[in-house]
Amino acid sequence: MKKFITILLGFVFLWNLEAFAQSFEATVNRNKIPEGETFLLTLELKGARTNSSPDLNLLNSDFTTYSVSNAFRTVIINGKAEQSQQWNLVLMPNKIGKLVIPALRIDNYETKPITIEVSPAGSEINASTGKTSPNKSNSNKFSLMGRVDNKNPFVQEQIIYTLKLTDRGGLQGEEPYFEGNENNDWIIKSLGAPEVNSQIINGQTIRELTFKYALFPQRSGKLIVPAAKFRGFYLTKESRNDPFGRFFNDDIFLGSFGMTDVFATKNPIFLSTKPIQIDVKPAIEETGKWWLPAQEVKLFAQFEPAKPDFKVGEAVTRTIYLQATGVIDSQLPEIQFEQTPGLKQYPEKPEIVMKVQNGQVVSTEKIANVYIPNQSGELTLPSINISWFNVHTNQMETAQIPEQKINVAGKSVSVPQKIQNASIAHSKTDFLPQGNDNENSPQKNIYILISAAFVLGMVLCFAIMKILTLKNKKETTSINPLKDIRLAANNKNLHKLRDALLLWAKNRFPEERIFSLSDIENLVKSQSFTCELEKLNEALYSNNSTNWNAELFLKVFEKINKSKIRKEQNDDLLPKLYK
């Protein structure tokens, strides 16, 4: 009987031990967080298994959730395997001060609340008083600051936006991007690679990366400069993650072999600039004047050859160049050529290129105009005038190619009459048979046979082209990636959405090799669309589409789908003489 009671008590003890081992715990990687930085919240369910997910909606009021991932962990102690399930959340506080991570539930388990303290950017927390004070030692690891060179520009005037990223902790990531331009109030152009400066202060390496952008406001009134954001990570190495940590006190040995990153922890970080409000002045209205706010405008011409001989009926080409500094390509006006008696003009289609030169956006328009004189003597090439607004002097100015006198040699002739005479001569020579006009002449029969064969061949070619066109049209309309994208996004069928996006991209870029969403990012080159594709990737690999915003994705996608594909042109329009 005693033996039975002992065995029973043993089972009861083991059952209580197992029940005691079951828990749901919440931990953070740090409790004091500078404004604009993220932290890691880990939820761990020990000694139990579940198919449910924690209810994370309680976090939405005070925190922004950037990513959620889950994992299973098995630990073997004294030959016994213990399993746990983890959820890792990258969170950013939405406000400063003391914030509470509330108790989170899953099934019948609940975590304990956690208090964190968020300090303003550029400040530190005093350990004795618990209050924040200005950070004179710059102890915050990272910061992102933006400023503009002009808070009161004219509409469409270039503003230089300087973005400074300060790194005191080995920050890694891609170039910052802009958010908040949904109304297309701004045109934003990068001014090239960032300037990198490094210095060592008290043994710590501090890097400053300075990015510059040209911003062009597209309407007048009070506008907010779009927020610049940075998404990246930094590495930390903890001894509990480093199996060699107890043998080496630092990273000198491992660092020399490039082993530091193997045992390091990636800490995601998201930085954002403060809003900047500017007051945009409207354009100065002057009748018949094109609004071109620029820092400098050049207008000049070049003949081909440089010193042409003008003769009646012979063509001479003159190329016009318009170059504007601080102006994007779409702002350049169309160059007009005034007509003059005795001179026919045939302007070609203009070529426009936009480049970055000396930290400024420079746009150049090149247009060739063909002149054909139809009378001899002295003629006048009309002047060409371009009105523009000088943003330095705040005055309207005019760039001008003055009129030019030319001497035309040869006998005057009416161009229409000349063309008409040539047409009559051509018709007499080619279509009227010479000599015998008999209907049954062999020469005429040959003409008839050749004409019949030509007509028959044209009919056959037309029929074949029609069949191929209908076939291609049928194949194209049988697959509609746009419809599949919208349907899959609304239904949150992320795998089908990914496949439909790949098909859409292959149709849009038929000459490119596209195998992944990253390939689409590189081709589309849109910061907002790249951000949405990254969110889609995160939702795909975490198998959690709950927090994925289909409405925002479709809004950005529809804008990209309607935009025109613009190929980059590296040809310099300016002749070497004017470089």
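Me: Rings of Phe, Tyr and Trp (its six-membered ring) pair if their centres lie within 6.5 Å, and the planes count as stacked under 30 degrees apart, edge-to-face over 60 and tilted for the rest. Which residues do ring pairs link into a cluster?
Reply: The cluster linked by ring pairs is made of W504, F529, W548, F553 and F557. Before going further, please note that this is a predicted model, in which local features need pLDDT of at least 70 and side-chain atom pairs count only at pLDDT 80 or more, while totals for chains, interfaces and linings use all residues. Residues are numbered from 1 along each chain as its sequence is written, and side-chain values use heavy atoms, with hydrogens and water left out.

Me: OK, how many aromatic pairs does the count come to?
Reply: There are 15 aromatic pairs by that rule. In one of them, the ring centres of F300 and Y321 are 5.4 Å apart and the planes meet at 25°, so this pair is stacked. F300 belongs to strand 24 (residues 296–304) and Y321 to strand 26, so the pair ties together parts of the chain that are 21 residues apart in sequence.

Me: F300 and Y321, buried or exposed?
Reply: Both F300 and Y321 are buried, where buried means under 20% relative accessible area, exposed means over 50% and partly exposed is in between, using a 1.4 Å probe and protein chains only. A further aromatic pair, W504 with F529, is edge-to-face, with 6.4 Å from centre to centre and 75° between the planes. This pair links distant parts of the chain, since W504 sits in helix 6 (residues 494–508) and F529 in helix 8, 25 residues apart. W504 counts as buried at 5% relative accessibility, and F529 counts as buried at 1%.

Me: Stepping back, how many helices and strands are in the chain?
Reply: The chain has nine helices and 33 strands; helices (H or I, at least four residues) and strands (E, at least two) are DSSP runs numbered from the N terminus. Of the 579 residues in the chain, 35% are buried.

Me: What else is I320 in contact with?
Reply: Leaving aside neighbours within four places in sequence, the contacts of I320 include L299, F300, A301, I335, F337 and I401, as well as I384. I320 lies in strand 26 (residues 316–325) and counts as buried at 0% relative accessibility.

Me: Switching topic, what is the order of the open sheet of three strands?
Reply: The strand order is 25-33-30, with mixed pairing, and two strands are taken to pair if DSSP finds at least two bridges between them. Strand 25 (310–311) and strand 30 (377–381) are at the edges with a single partner strand each, so one side of each has no neighbour in the sheet. Strand 30 runs antiparallel to strand 33 (residues 404–409), and five bridges join them. Within this pairing, L381 has Q404 in strand 33 as its bridge partner.

Me: How many salt bridges does the structure hold?
Reply: There are 10 salt bridges, each being a side-chain nitrogen of Lys or Arg within 4 Å of a carboxyl oxygen of Asp or Glu. D62 and K95 form one of them, with their closest N and O atoms 3.1 Å apart. That pair links distant parts of the chain, with D62 in the loop between strand 3 (39–46) and strand 4 (63–77), and K95 in the loop between strand 5 (80–93) and strand 6 (97–101), 33 residues apart. D62 is buried at 16% relative accessible area, whereas K95 is partly exposed at 44%.

Me: Where do K535 and E532 sit?
Reply: They are three residues apart in helix 8 (residues 527–542), which means about one helical turn separates K535 from E532. Their salt bridge has its closest N and O atoms 3.4 Å apart. K535 is partly exposed at 31% relative accessibility, while E532 is buried at 4%.

Conventions
Contact = heavy atoms within 4.5 Å.
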